[in-house]
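Biologist: Before we discuss particular residues, I would like to hear how the labels are assigned. Please take me through them one by one.

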Amino acid sequence: MNTGIDKGLKHGKLAAAMLLAFSATAALADITVGVTVSATGPAASLGIPEKNTIALVPQTIAGQKVKIVLLDDASDTTTAVKNAKKFVSEEKVDVIVGSTITPASLAMIDVAAESETPMISMAASRAIVDPVDAKRRWVYKTPQNDAQMSTAITEHMSNANVKRVAYIGFSDAYGEGWANEFAGVAQARKIEIVANERFNRADTSVTGQVLKIIAAKPDAVLIGGAGTPAALPQKALKEKGFKGVIYQTHGVANNDFLRVCGKDCEGTFLPAGPVLVADQLPADNPVKKSAQEYVQKYEAAHGKGSVSTFGAHAWDAFKLLEAAVPAALKKAKPGTKEFRAALRDALEGVQNLPVAHGVFNMSPTDHLGFDQRARVMVKIENGGWKLVK
Amino acid sequence: MDFQIALLLGQDGLTNGAIYALLALALVLVFAVTRVIFIPQGEFVAYGALTLAALQAGKLPATLWMVVALGAVVVAVDGAIALRHGAMRRLPRMLALNLGIPLLLWALLAHVETAGLSLIAQIALTLCIVVPLGPMLYRLAYQPIAEAPVLILLIVSVAVHVVLIGLGLLFFGAEGTRTPAFSEGSLELGAVTLQYQTLWILAISALLILALYAFFGRTLYGKALRATALNRTGARLMGISTTMAGKLSFTLAALIGAFSGILISPITTLYYDSGFLIGLKGFVGAIIGGLVSYPLAAAGALLVGFLESYSSFWASAYKEVIVFTLIIPVLLWRSLTSHHSEEEE
């Protein structure tokens with residue numbers, strides 16, 4: 001008798017537990033995306049448009065509601081890792097998107113790999129996804145590699161018969177990265193680097209560096225900086241009478257740069273994602289439609305001329321998810337380990353997906369998947385971006 | 001490096017050094033009078049420049065809301081104290097200074113197209129908005145703990161700095177701005193071309209330094225500040241209010257900071273967080289002056305400017321390292337030559 005009651009109780013408990021567990025999975029059936037962006041701190045000018053873009057992405061993918069958990073990592077590596085840990089342990093996310101900058105993204109790789117959660121970074125460095133090893137299996141990224149951009153520059157330099165180039169870049173990972181990438185490809189094209197200078201984002205003057213560059217008599221100067229601080233050397237070069245060609249990197253591709261640099265930036269060349277000149281792309285360009293879609297969405301929400309290429313990296317991350325989630329849903333339910341694994345596999349299988357910055361063709365060895373369609377050369381003309389044909 | 005490059009670098013160093021010197025003077029002033037190491041000094045540089053840029057773009061600068069809000073808090077705090085002590089006489093003046101003037105400014109700015117005003121009017125408006133933040137910050141953050149040890153004041157300074165940086169991002173966004181030069185063009189002087197803006201910076205810095213000298217030497221308020229700096233207790237016994245002295249020194253620091261920002265924003269792009277590094281370099285200058293000597297602080301700041309300029313030519317990647325390493329031999333030399341007394345702590 002006693003044992004019977006005990007048994008009955010046990011069954012009751014079990015049933016209750018199962019019911020609870022079931023309702024829990026039902027609630028978790030939404031696809032949860034953990035997004036960490038650098039909306040404050042030094043990378044804020046990149047992180048803010050990304051954050052704005054997150055508000056524009058679709059609310060449902062393949063009929064499943066998407067729950068987005070958005071956190072700010074203040075451009076800080078430790079905070080980014082903390083956010084990633086919070087995503088996997090507390091929020092039980094299916095995928096992590098972020099972060100904005102390379103150091104933070106590199107540090108988050110461990111968290112993603114350990115918890116077997118796919119991660120899509122919005123930072124540029126090739127080291128985030130290359131080589132695809134046991135940890136980086138889980139990691140994808142949407143921005144072009146610096147190498148892709150620097151080959152575009154050296155190609156343009158060769159065609160313009162530029163032989164002597166001076167480099168001035170940020171004294172941080174971005175400037176160093178570009179210096180190394182550029183030195184590598186410049187050598188292959190027999191371009192001589194005659195000066196190699198650094199400056200700080202917060203510097204109030206680059207007179208010394210600029211004088212040294214001019215004394216080296218280069219045909220062209222490449223400025224390895226991001227955002228409006230990259231205008232400082234350009235203005236100083238013009239002020240000191242430099243007449244050669246000036247190249248910038250895709251890090252300056254937002255309208256604030258044009259505003260700050262003004263007429264001193266006329267005639268500057270830079271490589272950029274096609275989204276920057278979406279309307280000028282030829283009609284047969286596969287990227288044109290997908291890039292225009294983003295530009296229209298963003299400008300409808302934030303006003304004409306507000307779009308920047310950085311926000312498009314966040315957009316592309318969600319485009320990847322939109323393409324990969326349906327395949328993963330066939331295999332498992334969101335909120336489970338199996339779903340995360342299926343999503344990772346599905347991301348690797350994304351083929352011929354036109355997005356704002358190019359066309360994705362992922363493979364087990366390439367977790368970026370962009371080809372030369374992901375970059376165009378752009379010239380600054382009449383205070384606007386002009387596609388160089 | 002030929003003679004012309006040396007001259008150009010010297011000119012650059014002198015320009016930056018002049019700004020660092022102004023900030024160093026403000027830091028020495030604030031420290032001498034209130035014992036506060038005023039880390040947020042640099043924020044006033046950024047606030048001044050960005051507020052001016054907002055006015056020139058025809059926008060209402062968000063610093064205006066900050067003045068109104070801080071003013072309201074000051075009135076609430078001071079008003080409560082005055083009510084408790086039944087000192088109604090103090091109310092009108094307090095209301096007028098902390099709430100009346102900001103609200104008047106707001107009404108003015110809401111009805112005037114600031115983009116079309118003359119530069120002088122824009123600068124005056126900018127100073128009217130930014131400078132009151134100085135004494136208000138003193139009232140709210142430092143006055144309640146005016147007698148605390150230097151270390152606690154320093155910690156509060158760090159907190160105020162972090163808050164102001166965060167608000168700066170909120171107010172002005174992450175992107176920087178440049179304002180047009182006071183007067184375009186340049187002056188040919190033999191081998192060197194001097195930008196007019198450079199001349200403006202040098203002239204106005206020199207004028208400000210002279211004005212400060214006259215203020216401390218000739219006016220009653222200046223002498224009161226000096227007395228407080230020399231001996232707080234003694235000054236109080238002589239009837240000098242240390243609260244007044246603190247507010248006055250913060251007003252001057254805010255004025256110098258905001259004006260420095262206005263001066264350099266035509267020659268460089270300023271961001272919500274640029275002020276910190278500029279202020280830090282002024283601080284290195286102030287340290288060379290031992291945080292007590294004005295002429296030594298100014299000279300030290302000029303040295304920082306020159307060092308920065310020449311090192312940016314020779315070893316641009318190590319520029320900041322060189323500038324901030326300067327502080328080590330200076331501290332060594334000071335600790336060896338001065339006899340330190342532990343009366344403060």
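Modeller: Buried means under 20% relative accessible area, exposed means over 50%, and partly exposed lies in between. Keep in mind that this is a predicted model.

Biologist: Why is K379(A) called partly exposed?

Modeller: K379(A) has 26% relative accessibility.

Biologist: What makes K379(A) and E381(A) a salt bridge?

Modeller: The rule asks for a side-chain nitrogen of Lys or Arg within 4 Å of a carboxyl oxygen of Asp or Glu. For E381(A) and K379(A) the N to O distance is 3.9 Å, so the pair meets the rule. E381(A), at 31% relative accessibility, also counts as partly exposed. Over all chains, the whole structure has 24 salt bridges.

Biologist: Which residues does K281(B) pair with, and how do you know that the pair is a salt bridge?

Modeller: The partner is E320(B), and the closest N and O atoms are 3.2 Å apart. That is within 4 Å, so the pair is a salt bridge. K281(B) sits in helix α12 and E320(B) in helix α14 of chain B, 39 residues apart.

Biologist: Are K281(B) and E320(B) buried or exposed?

Modeller: K281(B) has 3% relative accessibility and E320(B) has a relative accessible area of 14%. Both values are under 20%, so K281(B) and E320(B) count as buried.

Biologist: What is the partner of K319(B) within chain B?

Modeller: E308(B) is, with 3.7 Å from N to O. K319(B) belongs to helix α14 and E308(B) to helix α13 of chain B, eleven residues apart. Both residues are buried.

Biologist: What makes a network out of these pairs?

Modeller: Salt bridges that share partners do, and here they join D203(A), K281(B), E308(B), K319(B) and E320(B). The side chain of K319(B) also meets D203(A) of chain A at 2.7 Å, N to O. This distance is within 4 Å, so K319(B) and D203(A) form a salt bridge too.

Biologist: How many salt bridges are there between chain A and chain B?

Modeller: Two. The same interface has 19 residue pairs in polar contact. On chain A, α2, β8, α7, α8 and α9 each supply at least two residues of the side that touches chain B. The largest share, six residues, comes from α7(A).

Biologist: How much area is buried between chain A and chain B?

Modeller: About 2,400 Å², with carbon and sulfur atoms giving 53% of it. The contact takes 31 residues from chain A and 31 residues from chain B.

Biologist: What covers the buried residues of α7(A)?

Modeller: The cover includes β7, β8, β9 and α8 of chain A, together with α1 and α13 of chain B. Among the buried residues of α7(A) are V210(A), L211(A) and I213(A).

Biologist: Why is S205(B) called buried?

Modeller: Its relative accessible area is 2%. The cut-off is under 20%, so S205(B) is buried. S205(B) lies in helix α8 of chain B and touches A18(B), L22(B) and L263(B), not counting residues up to four places away in sequence. A polar atom of the S205(B) side chain lies 2.7 Å from the backbone oxygen of I201(B).

Biologist: Why is W106(B) called partly exposed?

Modeller: W106(B) has 34% relative accessibility, which lies between 20% and 50%, so the label is partly exposed. With L60(B), W65(B) and L103(B), W106(B) makes a nonpolar surface patch of about 350 Å².

Definitions and conventions: Residues are numbered from 1 along each chain as its sequence is written. Chains are lettered from A and ligands numbered from 1 in the order in which they are written. This is a predicted model: local features need pLDDT of at least 70, side-chain atom pairs count only at pLDDT 80 or more; totals for chains, interfaces and linings use all residues. Side-chain values use heavy atoms; hydrogens and water are left out. Patches are made of residues with over 30% relative accessible area and no salt bridge: like charges are joined within 9 Å, nonpolar side chains (Val, Leu, Ile, Met, Phe, Trp, Tyr) within 5 Å. Accessible areas come from the Shrake-Rupley method with a 1.4 Å probe; for residues, only the protein chains shown count as cover. Buried means under 20% relative accessible area, exposed over 50%, partly exposed in between (1.4 Å probe, protein chains only). Contact means heavy atoms within 4.5 Å. Buried area is the accessible area (1.4 Å probe) that two parts lose on being put together, summed over both. A polar contact is a pair of N or O atoms within 3.5 Å; within protein, one must be able to donate a hydrogen and the other to accept it, and residues adjacent in sequence count only if both atoms are side-chain atoms. Helices (H or I, at least four residues) and strands (E, at least two) are DSSP runs, numbered from the N terminus.
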